[in-house]
Amino acid sequence: MTSTVQSGFSRRTFVKGSTLGALGLTLGAAGAGSLFGCSSTEGDAPTVDETPESIVWNHCAVNCGCACALQCHVKGDEIVYIESDNLGDGALGSSQARACLKGRAIRRWLQSPDRLNYPMKRKEGTKRGDGEYEQISWDEAIDLLYEKLKYTIDTYGNEAVHFHYSSGVCSGAMMLGYSVKRLFNLIGGCLNYYGTYSSAQLTAGTTYTYGGGNGGSSLGTIQEGQLVVMFGNNPAITRMGGGGLGHDFPYMMETKKPKLIIIDYRMNNSLANQGGEWIPIRPGTDGALCAALAYVFITNGYTDEEFLSKYCVGYDEKTLPEGAAANSSFKAYILGEGPDGTPKTPEWAAAITQIPAKRIEDLGHEMGKADPVFICQGKGPQRHSNGEITTRMIMVLPQLLGQIGKPGTSDGRETGTTSLPLGIMPIGTNPVTTNIPCFMWPAAIRDMKSFTPLNSGLRGAETVDTNIKFIFNYAGNCLTNQHSDINTTHDLLQDESLVEFIVTSEVFMTDSAKYSDLILPDQTTQEQVDVVALSGGEIEEILFAQPVYEPKFERRGIYEVCCDLAEKFGVLDEFTDGGKTREDWCKSIYETFRESYPDAPTWEDGVAMGIWKTGNVPAPIVKLQAFVEDPEANPLPTPSGKIDIYSTTLADFAATWELAEDEVISPIPEFDPGFESYVNVTDEYPLLIAGFHHRSTTHSSYANNEIIQTAVRHQAWINPADAEPRGIKDGDMVAITTARGEIRIEAKVTPLIIPGAVGLAQGMWHNADMNGDRVDHGGCINTLTTERPSPLAKANPQHSNIGQVTKVV
Amino acid sequence: MAQYGFYFDQSRCFGCKTCEQACKDFHNLGTTVTFRNVFEYSGGAWTDNGDGTYSQNAFKYYTSVSCNHCDDPACLPNCPSGAISKSEEDGLVMNDKEICIGCNTCVLTCPYTAPSVDEDAGVAVRCDMCASRRAEGKQPICVEACLARALDFGEIGELRAKYGDSAHVAPLPDKANTAPNLVIKASVRALPTDDTTGSITNPLEIM
């Protein structure tokens, strides 16, 4: 029926002056009802269902950094509803791995009619990306897969085999498709990749500063009332599980009441009800802000000279390593005594960052006088074309202040978290040592033979004899959707003379799956046995996961599929370690864990309990505490054994690597705008288009679960200062374009974003007529992003884009 | 007669909407029906300083609200078919599905946007404070779901004794209008009910 207002009553007159009245009458427009055949009403006239209800524990396994509990209420072979971890005390501060909205909505995702149910091969006469498939049997699928894999290895060698970057299944003993890696390692290996799409630039920054590792101190070390400064970080949302920072952040804010400052181009949800100050910054310019803060520290005597000389290398001329040029220290750069001759004053940074000079100067004094001060970064600043150098700029701030290694401090890395040390299925050793940056696979398809350590970040080999010819894509959407520049990648993957075979194991027909020659219907984590250390914050719990129902259709788990393939290759016994099933692996991994935790229950008792909690509250992480207490006994794994403000390794790279004119690698942290930055905007592309992590998806996982997507809408954030001249009103459909392509999306006109920038939640599913206009109506940011890698990590600069927004008429 | 209500610790909420989704899962609600809404209230202005920098006073905060089973419910007297009544037993304000014609009047009269009309069933629906769970001695599912532990449920007198009486905040109306059974601990960002500096900025997510 169509809802109509049948009385003469006016809602607006009733609510007189109530701001809720401004909401308008959006409610009468309710659409065609529910998805998935579910009634959209509550069970007010219940038909009596005598089917017994059972509770089956499992966990959410997507790549948010958390693993949260799903207590599934099951009748027959379907989940009827989800509870989460409700064991023990539910008060703030207690240990419960509560699932967020995404896990809570997993029933509709699991029950979706769009699930993949049968093995399928690409229809004859169609191209990759067309998405047309025909059902085949599992025997045919395994035969085809074996034949193509064997052919690739025999013809091109194991370096031509690529186990594609993916993160759709990211927790549990059998995560990340390690079954495939284990099998590949038994049949000669496959091409390696390093880094992740999440944090490759940060990893590069920490490697050449601290010797590696992305995690800094945990939130638990924050002291009452102290200053906390976060760069590009949204802890409440990016790791929002209730056993993760979605609990630990509000708990910290309530109990410690810190003075929180978040520097971000958007006012994110960690700056919502619990307060805190937002310092809006132009995307990609955090390094300039840091340089100016360093200037304030140095010129006002806030630097901890003893810390800098005892623990760091290259702050000033005195501690520069041998062979470094004069005036190449960090201090010289900041004061304008280095090659560029520019003092990095607050006024200098103001014009770059769009932050008033006074606020920069005041922040410098505030940080300089604070003791302790907790300084950390999220993964936003690093996902830029200047990401690596920016991460080092942020990390240098606590180094300058000596605010490292004691309670209430962090070392400028991201928020550290803990979890119990539960293992995963061993993958063995890869006989292939050739190792490429994870983002560089399209270039490796085109011409890996041209890769060298100096031009492509190649590791483990000086040269390569082949290009990528075979791709195994397990639970990943990085062939197109989550990789950059979809339109270019589409053309690359369609050319069957380049990559000759692509197989995908998936639960849905993702945009990436459409580029496969063979599709294997996987079971989700919830449909299989597993064991997992619940994680994401400061939590100590083990969850014993059981399949929520018997296998449906012809879906099969990746381990069992790899067993079939192993048998074909004659390595089944080695692959299964003498006959282990998936459950056997989980049990043996758990038993190894139990050797260190004798109080933990037996496997059988654990399964009956669902979750075992140690009852301990993990001690807060105070990063680099041991190093600071005794640097001789606990040196860092850097060339100097100290904190490398000046990195001799980076100096070597800067001297030898083949870089374009606008690509900078520097031995010291500096500000470099990077490519596709604010200095590159044009009349055609005057805006900076950046991404963010929304609460409705984890990357592209769950972006097809409409029940969440209607509750948390996918919108392009744009400031009124940019919207008004373009005639764009809140809720309008807009086109966003870059040199790579065009998307369509709803506008959110809001003061919660800095002028000149557009914010797009990443993860939405690409939806374009690729044989037609290629306009992406799904609003996927990667239709817009560049595949040009960042200079040092050779990684995805997906927040660095110049573009334009126009109203769709 | 008992009267049940919710407590919402607005000072802890960060707008994640887990409460809303847990409810939609348990009650099997479709995409166009929600028993619990999370309002984003935001505002503020930007000033171009003329030197390439900006200043601003932007703010935002969230408020999670379901049916408050008001003591003086706006929906009840305005229902043209007389389908709505207030329970003597637990204070719930519910509509008789046999009488309800799904005309949307309760939706339009409620200052909290609490009821929805289920277009398929042709009737209005709303939060019943998880009657089936309460019968088993459990909390409503939203309470148990909240990541920040910002929700509580109970007899309203006990909630008021435990948490104090509510400080009602924009974008909610003056509580004198309908006497809602809702206790709120206000966020540091909360503005008074008559605030005009902000607005509800997620209108398409409210249903």
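1. Ala294(A) is in contact with Ile334(A), Lys344(A), Val396(A), Leu397(A) and Leu400(A), its neighbours within four places in sequence being left aside. The model is a predicted one, and this residue belongs to its largest nonpolar core, where Leu293(A) and Ala294(A) have the most contacts. That core has 296 residues. Helix H9 of chain A, residues 286–299, contributes the largest share of the core, with 11 residues.

2. The contact between chains A and B takes 83 residues from chain A and 81 residues from chain B. On the side of chain A that touches chain B, at least two residues each are supplied by several elements, including strand E3 (78–83), helix H8 (245–256), strand E10 (277–280) and helix H12 (346–353) of chain A. H8(A) provides the largest share, 4 residues. Sorted by class, this side of chain A holds 40 nonpolar, 32 polar and 11 charged residues.

3. Chain A contains an open sheet of 3 strands in the order E1-E2-E3, with antiparallel pairing. Its edge strands are E1 (53–59) and E3 of chain A, each of which pairs on one side only. On average, neighbouring strands of the sheet are turned by 35° against each other, direction ignored. E1(A) is joined by 7 bridges to strand E2 of chain A, residues 69–75, and the two run antiparallel. Within E2(A), Cys72(A) is the bridge partner of Val56(A).

4. Is helix H1 of chain B, residues 18–26, buried or exposed? Of its 9 residues, 9 are buried, so this helix is largely enclosed by the rest of the structure. After H1(B) comes Asn28(B), whose phi is positive, near 55°.

5. Chain A is divided into domain 1 (120–190 + 423–524 + 554–582), domain 2 (205–418 + 623–656) and domain 3 (678–807). Taken over C-alpha atoms, the centres of domain 1 and domain 3 of chain A are separated by 29 Å. Their contact takes 23 residues from domain 1 and 22 residues from domain 3 of chain A. On the side of domain 1 that touches domain 3, helix H17 of chain A (residues 486–494) supplies the largest share, 4 residues. The residues of this side of domain 1 divide into 6 nonpolar, 15 polar and 2 charged.

Key:
Residues are numbered from 1 along each chain as its sequence is written. Chains are lettered from A and ligands numbered from 1 in the order in which they are written. This is a predicted model: local features need pLDDT of at least 70, side-chain atom pairs count only at pLDDT 80 or more; totals for chains, interfaces and linings use all residues. A nonpolar core is a set of buried Ala, Val, Leu, Ile, Met, Phe, Trp, Tyr and Cys residues joined through C-beta atoms within 7 Å. A residue is buried if 20 or more other C-beta atoms lie within 10 Å of its own, exposed if 12 or fewer, and partly exposed in between; C-beta atoms are placed from the backbone. Two residues are in contact if their C-beta atoms, placed from the backbone, lie within 7 Å. Ala, Val, Leu, Ile, Met, Phe, Trp, Tyr, Cys and Pro count as nonpolar, Asp, Glu, Lys and Arg as charged, and the others, Gly among them, as polar. Two strands pair if DSSP finds at least two bridges between them. Axes are lines fitted to C-alpha atoms, for helices over the stretch in contact, and angles run from 0 to 180 degrees between N-to-C directions. Domain bounds come from an automatic or database domain assignment.
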